[in-house]
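Good morning, and thank you for coming. Please look at the structure on the screen while I take you through a few of its features.

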Amino acid sequence: MKILTILPVSIILNFSIAFGGDALNVVSSIQTLGAIASEIGGDKVVVTSLSKGYMDPHFVDAKPSLVLDLHKADLLIHVGLELEVGWLPPLVQQSRNANIQVGENGDFEAATVIHILRVPTVRVTRAMGDLHPQGNPHFWIPPKNALLIAKALTERFKKLKPDQGAYFDSQYSRFLIKVSELEKKLEPQMRKTKGLKVVPFHDSWAYVSEWLGLEETGYIEIKPGVPASPQHLSTLIGKMNEDKTKAILMENYYNKSTAESVASNTKAKLLEMPSDVGATPEIKTYSDLVTGVVTKIIEAVN
Ligand SMILES: [Zn+2]
């Protein structure tokens, strides 16, 4: 009986070694986190993203196929701060994958390595309509934050695959150089965005505003996730005209009609912003995303 139980295990192990099927199965909640994981993991990882860059990451359709992706995952990378709370935790539970449960080595919450902005000073809940009760979760675009995530992922990959430590370290160095060169290239454009007055549709540009020196003069939503009322819009339009706000920043998964109506009553340009890798077919990598964001904002500079 003992022999029978030991035998299959050794066969499986030999099979895995012989066919080199040892790449880490990485699953990300949003595409940008998956793209950063690919930069560091290279050919030692296979990355799948549960949501696509053209979807609202707060509200993803929890399809059964996503459970299957999670079942096979060695590592789950997610944003945290309740961004995915409406759809990801039930999928993780249904996956019956012990490795990716909260606190396990296969669970990576990016928010834990980021300096979080706009943490509410009073207690707020999603029941009050606020989608950001633990602070602003839209942090993955600025290079400073992407590098913090990349560094922490390097360490996690080394823990999961200790024999490939040198490889992951060199991949991180490569990514660091790539991002530094990109920042240098975009510097002349970035200088022009300082002090630009903008109104985001949803409060999802806080980190980009800090990075590019944008001044947020209001929001189309009353608070994150709470739709605008006519009274709020009329006050906002008055303020935007007074402040000479130049742009409305809106992800392309929102309905345009409210933002268009605000734009037509002000001098602000409505910018459909990419906020994740995969937001448009051209945005395939983290560098594409950063370039896309800066290029788009420049459209509102005179
Ligand atoms: Zn949000």
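In this predicted model, helix α5, residues 143–160, packs against helix α6, residues 165–192, at an angle of about 175 degrees. Their axes lie 9 Å apart. Angles over 145 degrees count as roughly antiparallel, and α5 and α6 are therefore roughly antiparallel to each other.

Which residues of α5 meet α6? Among them are Ala146, Leu147, Ala150 and Phe157 in α5, and the residues they meet in α6 include Phe168, Tyr172, Phe175 and Leu176. By class, this contact of α5 with α6 has 10 nonpolar, 2 polar and 4 charged residues.

The chain is divided into domain 1, residues 20–177, and domain 2, residues 187–298. The centres of the two domains, taken over C-alpha atoms, are separated by 25 Å. Domain 1 brings 25 residues to the contact, and domain 2 brings 23. On the side of domain 1 that touches domain 2, α2 (31–41) and α5 each supply at least two residues. The most come from α2, with 5 residues. That side of domain 1 has 12 nonpolar, 8 polar and 5 charged residues.

Finally, consider Tyr253, in the loop between β7 (247–251) and α9 (257–264). Tyr253 is partly exposed, with 18 other C-beta atoms within 10 Å. Tyr253 and Tyr54 are 199 residues apart in sequence, yet 6.1 Å apart in space, C-alpha to C-alpha. Leaving aside neighbours within four places in sequence, Tyr253 is in contact with Tyr54, Met55 and Asp56.

Technical notes
Residues are numbered from 1 along each chain as its sequence is written. This is a predicted model: local features need pLDDT of at least 70, side-chain atom pairs count only at pLDDT 80 or more; totals for chains, interfaces and linings use all residues. Axes are lines fitted to C-alpha atoms, for helices over the stretch in contact, and angles run from 0 to 180 degrees between N-to-C directions. Helices (H or I, at least four residues) and strands (E, at least two) are DSSP runs, numbered from the N terminus. Angles under 35 degrees count as roughly parallel, over 145 as roughly antiparallel, 65 to 115 as roughly perpendicular and the rest as oblique. Two residues are in contact if their C-beta atoms, placed from the backbone, lie within 7 Å. Ala, Val, Leu, Ile, Met, Phe, Trp, Tyr, Cys and Pro count as nonpolar, Asp, Glu, Lys and Arg as charged, and the others, Gly among them, as polar. A residue is buried if 20 or more other C-beta atoms lie within 10 Å of its own, exposed if 12 or fewer, and partly exposed in between; C-beta atoms are placed from the backbone. Domain bounds come from an automatic or database domain assignment.
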